[in-house]
Amino acid sequence: MTTRIGVLGADGRMGRAIMRAIASRDNKSARLGAAVERPGSPALGQDAGVVAGTGAAGVIIGQGLPEKAAADVWIDFTVPAATLAAAQAAAARGVAMVVGTTGLSAPQKAELAAAAKQIPIVFAANTSVGVTVLLKLISDAARALGPGFDLEIVETHHRAKRDAPSGTALRLAEALAEATGRDLGATARYERHGDIGARSDAEIGIQSLRGGDVVGEHTIYFLGQGERVEITHRATSRDTFAHGAVRAALWVSGQPPGLYDMRDVLGFATS
Ligand code: NAD
């Protein structure tokens with residue numbers, strides 16, 4: 001069976017990578033069903049395949065969300081307001097979704113979870129297989145090393161990235177907080193400047209660097225007395241996120257309603 005995918009944010013860095021990932025699958029499990037951009041986008045009216053660099057695909061980039069007849073599942077890498085509008089429309093039409101957009105506020109995440117009561121949604125700040133494994137590794141490390149180790153995360157991204165810290169860094173921090181029984185809201189430390197005093201045992205530091213064309217780097221530091229452990233993930237190409245998102249789309253279209261993440265898609269144990 002061929003799953004028809006609607007790509008929202010088709011002319012974005014990720015949208016184009018996702019359309020290339022769909023075109024590169026040699027079996028016929030997925031095909032591009034629709035491609036959508038914001039009103040005013042210069043890509044409107046163009047062939048999506050031409051925009052993605054894969055050659056004419058016969059799908060014209062339009063505005064307004066895809067009809068149910070055009071796509072079985074929508075992949076959204078846009079901006080939070082567009083994601084929420086799409087999720088409500090997907091819930092009304094009974095279409096599954098993969099959401100990779102980051103920077104959603106807590107109320108926006110709650111709205112997404114409400115839509116997921118009606119349709120299956122994979123919501124993943126990072127759709128790479130490597131980061132999904134990293135989440136498990138750092139949870140295990142935090143539990144094994146115990147309270148004598150201070151937890152810090154440093155992330156680096158390209159200069160155009162809008163939100164900080166990255167959604168991936170926040171997800172990694174959540175995993176550390178869960179593994180060590182802390183409340184991230186009370187212990188996350190995003191800035192240090194001036195006479196701030198000594199670090200507390202409970203805090204989880206999250207710092208952001210921005211510049212150049214860095215696709216995405218995250219290092220998690222476990223800083224002890226006389227030793228430290230550093231675990232780093234480096235994404236060198238957006239293709240890793242794009243292939244993960246397409247894999248998630250093929251998986252989610254057959255699932256019952258609910259909010260899922262990449263660990264569900266890849267079948268990893270969640271502990
Ligand atoms: P980008 O700015 O290159 O692309 C976003 C696209 O969305 C743009 O083309 C924009 O015109 C379009 N858009 C905005 N509003 C829209 C609307 N209402 N309808 C349709 N299209 C609309 O950004 P990007 O680098 O592709 O990243 C997009 C999002 O994905 C960001 O939140 C980023 O953090 C996130 N991201 C997630 C992962 C992951 O693995 N989950 C990986 C990379 C980026």
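For the residue classes used here, Ala, Val, Leu, Ile, Met, Phe, Trp, Tyr, Cys and Pro count as nonpolar, Asp, Glu, Lys and Arg as charged, and the others, Gly among them, as polar. This is a predicted model, so local features need pLDDT of at least 70 and side-chain atom pairs count only at pLDDT 80 or more, while totals for chains, interfaces and linings use all residues. Residues are numbered from 1 along each chain as its sequence is written, and side-chain values use heavy atoms, with hydrogens and water left out.

**View 1. The shell around the ligand.** By class, this shell has eight nonpolar, eight polar and six charged residues. Of the 22 residues around the ligand, the nearest are Arg13, Met14, Glu37, Thr102 and Thr127 (a residue is near if one of its heavy atoms lies within 4 Å).

View 2. Glutamate 37 puts a polar side-chain atom 2.6 Å from a ligand oxygen. For lysine 161, a side-chain N or O atom is 2.9 Å from an oxygen atom of the ligand.

**View 3. The aromatic pair.** The structure holds one such pair (ring centres within 6.5 Å, using the six-membered ring of Trp; planes under 30 degrees apart are stacked, over 60 edge-to-face, the rest tilted). Tryptophan 251 is partly exposed at 22% relative accessible area, whereas tyrosine 260 is buried at 16% (buried is under 20%, exposed over 50%, partly exposed in between, with a 1.4 Å probe and protein chains only).

How values were computed
A polar contact is a pair of N or O atoms within 3.5 Å; within protein, one must be able to donate a hydrogen and the other to accept it, and residues adjacent in sequence count only if both atoms are side-chain atoms.
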